[in-house]
Amino acid sequence: GLGDVYKRQILLELSLHSQLNERNMCKKVLVLSSSPRKGGNSDTLCDQFIKGAQESGNDVEKIYLRNKRINYCTGCGTCNLQKPCPQKDDAAEVVEKMIAADVIVMATPVYFYTMSAQMKTLIDRCCARYLEIKNKEFYFIIAAAEESVPMMERTIDGFRGFLDCLEEPKECGTIYGVGAWKVGEINDKPSMHEAYEMGKKV
């Protein structure tokens, strides 16, 4: 009867609504791994985060900064004149992907209580287009031989300094991979599971 028709219509609408929600939940996630070591501890944590994010239906891309040629910012000021950066390297490609992403994961080993040179160099090269990196969700992943999480805050503060210059960034979480120095030492640390679970919640 008429009641059954309405019921079918409501079920169809609910199903379409659910599909739309699932589609909207899929985010474009960009993982920037700055470890100079292949399979380094921060890089391994990235893979755990990625596993979780992919299982939740997100579109994830990982960039190994060690495989990119990204020169230092020379402070030439060309970008202040609303012109593109004159350097011909891989920075423009990476920054373009940062602009296109919904979620940016920044991962670094901790060197002398700060981020790696590879990560800092990329951040400096964002200068030409940093105002376009807006409304992004950010996650931070760090790995260090140091056991103390409070001692890691100055490394995270370096990332926060970058976010302070962006439009409407949202800091969503940090993975503290402490107590891991040699390659592989991260594997039995709680941060491995934490990275996976944080990835799932993206």
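I began with helix H3 (residues 91–100), where Ala91, Val94, Val95, Met98 and Ile99 are buried. Buried means under 20% relative accessible area, exposed over 50%, partly exposed in between (1.4 Å probe, protein chains only). These residues cover an arc of only 145° around the axis, so they sit on the same side of H3. I took the arc from the directions from the helix axis to the C-beta atoms.

Notes on the source: this is a predicted model, where local features need pLDDT of at least 70, side-chain atom pairs count only at pLDDT 80 or more, and totals for chains, interfaces and linings use all residues. Residues are numbered from 1 along each chain as its sequence is written, and side-chain values use heavy atoms, with hydrogens and water left out.

Next, strands. I found eight bridges joining E4 (residues 137–144) to E5 (residues 170–178), which run parallel. Two strands pair if DSSP finds at least two bridges between them. The chain crosses from E4 through helix H5 (residues 153–163) to E5, a right-handed β-α-β crossover. Right-handed means that, with the strands pointing away from the viewer, the path from the first strand over the helix to the second runs clockwise. Helices (H or I, at least four residues) and strands (E, at least two) are DSSP runs, numbered from the N terminus.

I searched the whole structure and found zero; the cut-off is a pair of cysteine sulfur atoms within 2.5 Å. The sulfur of cysteine 79 is 3.8 Å from the closest cysteine sulfur, in cysteine 127, too far for a bond.

Last, I checked phenylalanine 138 and phenylalanine 162: both are buried.
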